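This report goes through one protein model part by part.

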Amino acid sequence: MSELVSIITPTYNSEKFIEETIASVREQTYSNFELIIVDDCSTDRTVEIVKKFQLEDNRIRFIELDKNSGAAIARNTAIQQISGKYMTFLDGDDLWLPTFIEDSLKFSIDNHANFVFSSYMRYDEDLKPLLSDFIVPEKVSYFDILKSCPISCLTAFINVDVLGKKYMPLIQKRQDFGLWLSYLKEIDFAYGLAEPLAIYRMRKNSLSRNKWSLIKYQWQFYYEIEKLGLFSSLYYLFNWMARGFLKYRS
């Protein structure tokens, strides 16, 4: 396996965690990668820290946005720049286990799976177990993830050489969900690895944990972006709410 893997990391005031995130990439057992970090006008020491690592490792590319534009713009800016056959994402506060790239790539090649994702551990800000590991299903379709999306941004692994580059919708939240939907409209399934290969850091102020704050954005996807109609949109929204509640209970 010698394919180049492109890793996309958006940052914004990530000084507390970005060193650990970059370290988890540099410690991968698979070394043929490029790490594209896009900073969204941080006001802390994030830029200083990233530039230090960039001097140490020529696989790290760093882009600074001219104005604060949000995660979708940051990720899309990186997507435009990727050179790899595979594309994957890692936010500036999350971590990969050392074999994440190697295992994801091997699974993709062995199973002819162009969209892969894996299970992950759920820790608090201090990297102590907070909830049980989130174990993903063997595969999901477009309609499956409308009900509940087990594809986390930190474990998605996509063969862009086959599926092509796609971009995240320019909305405030749930951009990654929009990207997964766009791919799953064109392929039957995304395939899951049961083994946890990443650590999702569940921060106290994380908006993604507050399902109530995300309801209007989820509704926007169903009704306005996917144009599923009133009753189908309500059906999928209620499924998403119920399953989301169960996802964070244990």
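## Cysteines

Cys153 counts as buried because its relative accessibility is 8%. Buried means under 20% relative accessible area, exposed means over 50%, and partly exposed lies in between, with a 1.4 Å probe and protein chains only. The model is a predicted one, in which local features need pLDDT of at least 70 and side-chain atom pairs count only at pLDDT 80 or more, while totals for chains, interfaces and linings use all residues. Residues are numbered from 1 along each chain as its sequence is written, and side-chain values use heavy atoms, with hydrogens and water left out.

A disulfide is a covalent bond between the sulfur atoms of two cysteines. Here the term is applied to a pair of cysteine sulfur atoms within 2.5 Å. How many disulfides does the structure hold? The number is zero. Cys149 is in no disulfide, and the nearest cysteine sulfur, that of Cys153, is 9.9 Å away. Seen from Cys153, the closest cysteine sulfur is the one in Cys149, and 9.9 Å is too far for a bond. Cys149 also counts as buried, because its relative accessibility is 15%.

## The nonpolar core

In soluble globular proteins, nonpolar side chains tend to be buried together. A nonpolar core is defined as a set of buried Ala, Val, Leu, Ile, Met, Phe, Trp, Tyr and Cys residues joined through side-chain atoms within 4.5 Å. The largest such core in this model has 75 residues, and those with the most contacts inside it are Phe115, Ile151 and Trp180. Helix α7 (residues 175-184) gives the largest share of this core, six residues. Helices (H or I, at least four residues) and strands (E, at least two) are DSSP runs, numbered from the N terminus.

What does Phe115 touch, if residues up to four places away in sequence are not counted? Its partners include Ile151, Phe157, Leu163, Trp180 and Tyr191. Contact means heavy atoms within 4.5 Å.

An α-helix has 3.6 residues a turn, so residues three or four places apart point the same way. In helix α2 (residues 46-56), the buried residues are Thr46, Val47, Ile49, Val50 and Phe53. They lie on the same side of α2 because they cover an arc of only 165 degrees around the axis; the arc is that of the directions from the helix axis to the C-beta atoms. Glu48 and Leu55 are exposed, on the face turned away from the buried side of α2. The buried residues of α2 pack against β1 (5-11), α1 (18-26), β2 (33-39) and β3 (60-64).

Strands β2 and β3 pair in the parallel sense over five bridges. Two strands pair if DSSP finds at least two bridges between them. One of the bridges links Ile37 to Phe62 in β3. Together, β2, α2 and β3 make a right-handed β-α-β unit. Right-handed means that, with the strands pointing away from the viewer, the path from the first strand over the helix to the second runs clockwise.

## Strand β10 and its partners

Strand β10 (residues 190-201) is largely enclosed by the rest of the structure, because nine of its 12 residues are buried. Seven bridges join β10 to β6 in parallel, and Tyr123 stands opposite Arg201 in β10. Strand β5 (residues 95-96) runs antiparallel to β10 and is joined to it by two bridges; the partner of Trp96 in β10 is Ala198. Strand β8 (residues 139-140) is also antiparallel to β10, with two bridges, and Lys139 has Tyr191 as its bridge partner in β10.

Strand β6 (residues 115-123) is joined to strand β7 (residues 129-134) by three bridges, and the two run antiparallel. Tyr123 has Pro129 as its bridge partner in β7. The two strands form a hairpin with five residues between them, and Leu127 in the turn has a positive phi of about 60 degrees.

## Loop residues with positive phi

Asn13 lies in the loop between β1 and α1. Its phi is near 50 degrees, a positive value in a residue other than glycine. Asn13 counts as partly exposed because its relative accessibility is 28%.

His112 is found in the loop between α4 (100-110) and β6. It has a positive phi of about 50 degrees although it is not a glycine. His112 counts as exposed, because its relative accessibility is 71%.
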